[in-house]
Amino acid sequence: MRREKNGSLGLGIELNGSGANNQGPLTIDVEESTEKRLERLIRENQVIIFSKRSCCMCHVMKRLLYTLGVNPTVIELEENEMNSSLPAAQHSGGSGGGGGGAGPVVYVGGRRIGGLESLMALHLSGELVVKLREVGAV
């Protein structure tokens with residue numbers, strides 16, 4: 001634990017990985033806001049899906065990405081977090097199935113793709129594999 005300037009106690013946890021790709025300790029800051037944590041996760045993961053528990057559209061997204069050789073990070077959020085905490089910047093898809101709170105939202109290389117409909121449109125146009133290669137996900 002550490003004592004903050006305002007006198008409160010803060011907790012910082014460092015986990016040292018042992019894998020070949022270990023680039024340093026993993027840090028969890030319990031004082032980090034939900035919004036900041038989500039923004040950090042988006043930056044740190046090549047492909048990340050934000051979903052609600054038992055979401056069938058998320059299952060379809062994951063199956064498509066697995067078929068392409070991608071193992072996405074999947075974060076399950078509560079309804080209020082889906083609607084208010086996800087960054088809306090850098091959209092590259094339409095609104096239909098675009099992750100406006102009704103379904104899952106996928107990010108590739110830190111850029112918001114949108115929902116299932118946007119992901120499928122990219123796949124059918126042949127652009128999805130190109131984007132995944134650009135970020136080193138496949």
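## A buried tyrosine

Tyr107 has a relative accessibility of 2%, so this residue counts as buried. The cut-off for buried is under 20% relative accessible area. The model is a predicted one.

Which residue pairs with Y107 across the sheet? Y107 in β7 is the bridge partner of I48. Y107 also belongs to a nonpolar core of nine residues, along with L38, L77 and L86 among others.

## The aromatic pair

How many aromatic pairs does a search of the whole structure find? The search finds one. Its members are F50 and Y107, with ring centres 5.8 Å apart. Their planes stand at 90 degrees, so the pair is edge-to-face.

Strands of a sheet pair through backbone hydrogen bonds, in a parallel or an antiparallel sense. Here, four strands form an open sheet with mixed pairing. Their order is β6-β5-β7-β8. Which strands stand at the edges? They are β6 (73-76) and β8 (111-114). Each has a single partner strand, so one side of each has no neighbour in the sheet. From one strand to the next, the twist averages 25 degrees.

Strands β5 (residues 47-51) and β7 (residues 105-108) are antiparallel partners. Four bridges join them. V105 is another residue of β7. It is buried, with a relative accessible area of 0%. The C-alpha atoms of V105 and G115 are 4.7 Å apart, although 10 residues separate them along the chain.

## Helices against the sheet

Helix α2 (residues 56-67) lies across β5, β6, β7 and β8. The helix runs at about 165 degrees to β5.

Helix α1 (residues 34-44) has buried residues as well: L38, R40, L41 and I42. What do the buried residues of α1 pack against? They pack against β5, β6 and β7. In an α-helix there are 3.6 residues a turn, so residues three or four places apart point the same way.

## The largest core

The largest nonpolar core has 17 residues. Which of them have the most contacts inside it? They are V47, V106, L119 and L132. Five elements are named as giving two or more residues to this core: β5, α2, β7, α4 (116-125) and α5 (127-134). Helix α2 gives the most, with four residues.

Take V47 as an example. Beyond its neighbours within four places in sequence, V47 is in contact with several residues, including L65, V70, P72 and T73. V106, Y107 and V108 are among its contacts too.

## An exposed serine

S54 lies in the loop between β5 and α2. Is S54 buried or exposed? With a relative accessibility of 71%, S54 counts as exposed. The cut-off for exposed is over 50%. The backbone of S54 also deserves a look. S54 is not a glycine, yet its phi is positive, at about 60 degrees.

Notes: Residues are numbered from 1 along each chain as its sequence is written. This is a predicted model: local features need pLDDT of at least 70, side-chain atom pairs count only at pLDDT 80 or more; totals for chains, interfaces and linings use all residues. Side-chain values use heavy atoms; hydrogens and water are left out. Two strands pair if DSSP finds at least two bridges between them. Axes are lines fitted to C-alpha atoms, for helices over the stretch in contact, and angles run from 0 to 180 degrees between N-to-C directions. Contact means heavy atoms within 4.5 Å. A nonpolar core is a set of buried Ala, Val, Leu, Ile, Met, Phe, Trp, Tyr and Cys residues joined through side-chain atoms within 4.5 Å. Buried means under 20% relative accessible area, exposed over 50%, partly exposed in between (1.4 Å probe, protein chains only). Rings of Phe, Tyr and Trp (its six-membered ring) pair if their centres lie within 6.5 Å; planes under 30 degrees apart count as stacked, over 60 as edge-to-face and the rest as tilted.
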